[in-house]
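Please load the model in your viewer and keep the selection panel at hand. The stops below say what to pick next and what is found there.

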Amino acid sequence: MKQKMIGLTEKYVYDQLNLDASGHDWFHIDRVRKLALHIAKEEKRGNAFIIEMAALLHDIPDDKLNDDVDAAWGKLDDWLQELKLDEDRVKAIQEIIRTISYSSGQLKLPSIEAEIVQDADRLDAIGAIGIARTFAFGGKKGQPMYDPELPVRENMSKMEYRKGKSSSVHHFYEKLLRLQDKLNTSTAKKIASERHEYMVGYLKEFYKEWDVRL
Ligand code: ADP
Ligand code: NI
């Protein structure tokens, strides 16, 4: 029964995000699901079914992907109703999706399942894949790859960026380089350290080539 619900949800999510070009495509979802299940197994914690369902559905109502966020939440509710999941599970899945987003700013997550799905989503935002997703998102949004006139400051807040211009390289300082310290589980922290170092090396190389230092 659970496997059938997961299979149907995979297809539902694939149909919704298949054509996304902002780094929130089906393959992002699939990686987050795999990472989340891996973390749960290593940590020996969390309900695997809730984790897998929340990971599959986590970007359906995302405000970056939907102009009408209320309608997107309605769509998610309709899907969970259609599966005839019991009320407790529906609530657990909705709560994870509502609380894990970086922009929700929620510091204390409500469950171990939420902590694990958040870690998985954050791991897919860093490293080689994180770099690719950031430039894809920036291009889709129409922001420059990099703006050398805009100062790079490690402690720049999201508000400062919103007020002014931004660039995909600036997004590293706004968010990506901070994620390593915001993870919940030790399994995710271990995976993150190599990915973090890769981004630091990447930026060094980026500035070198930008300045045509040969
Ligand atoms: P979250 O819920 O934590 O925002 P998502 O899975 O929705 O996580 O994806 C966020 C990803 O989208 C970022 O890691 C980054 O790759 C991309 N992104 C978001 N905002 C920007 C931005 N201003 N510039 C470039 N990329 C961005
Ligand atoms: Ni995501």
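Begin by selecting D30 and R33, which are both buried, a word used here for under 20% relative accessible area, with exposed meaning over 50% and partly exposed in between (1.4 Å probe, protein chains only). Their side chains form a salt bridge with an N to O distance of 3.0 Å; the term stands for a side-chain nitrogen of Lys or Arg within 4 Å of a carboxyl oxygen of Asp or Glu. Because D30 and R33 are 3 residues apart in helix α2, about one helical turn separates them; helices (H or I, at least four residues) and strands (E, at least two) are DSSP runs, numbered from the N terminus.

Before going further, note that this is a predicted model, in which local features need pLDDT of at least 70 and side-chain atom pairs count only at pLDDT 80 or more, while totals for chains, interfaces and linings use all residues. Residues are numbered from 1 along each chain as its sequence is written, chains are lettered from A and ligands numbered from 1 in the order in which they are written, and side-chain values use heavy atoms, with hydrogens and water left out.

Next, select D62 and K64, whose side chains meet in a salt bridge at 3.1 Å, N to O. D62 is buried, with a relative accessible area of 11%, whereas K64, at 43%, is partly exposed.

Move to D124, in the loop between α6 and α7 (127-141). Is D124 buried or exposed? D124 counts as buried because its relative accessibility is 1%. Show its surroundings and, leaving aside neighbours within four places in sequence, you will find D124 in contact (heavy atoms within 4.5 Å) with H28, R31, V32, L35, I129, G130, R133 and R195. R133 forms a salt bridge with D124, the closest N and O atoms being 3.9 Å apart. The side chain of R31 is joined to that of D124 by a polar contact of 2.7 Å; such a contact is a pair of N or O atoms within 3.5 Å, where, within protein, one must be able to donate a hydrogen and the other to accept it, and residues adjacent in sequence count only if both atoms are side-chain atoms.

At the end of the α2 range (residues 26-43), select E43, which counts as buried at 16% relative accessibility. E43 touches T185, S186 and T187, not counting residues up to four places away in sequence, and a polar atom of its side chain lies 3.4 Å from the backbone nitrogen of S186.

Colour domain 1 (1-104) and domain 2 (125-214) separately; these bounds come from an automatic or database domain assignment. The domain centres, taken over C-alpha atoms, are separated by 25 Å, and the contact takes 14 residues from domain 1 and 17 residues from domain 2. Across this interface the rule finds 0 salt bridges and 3 residue pairs in polar contact (both at pLDDT 80 or more).

Finally, select I93, which, apart from neighbours within four places in sequence, is in contact with I50, M53, A54, L57, L80 and L85.
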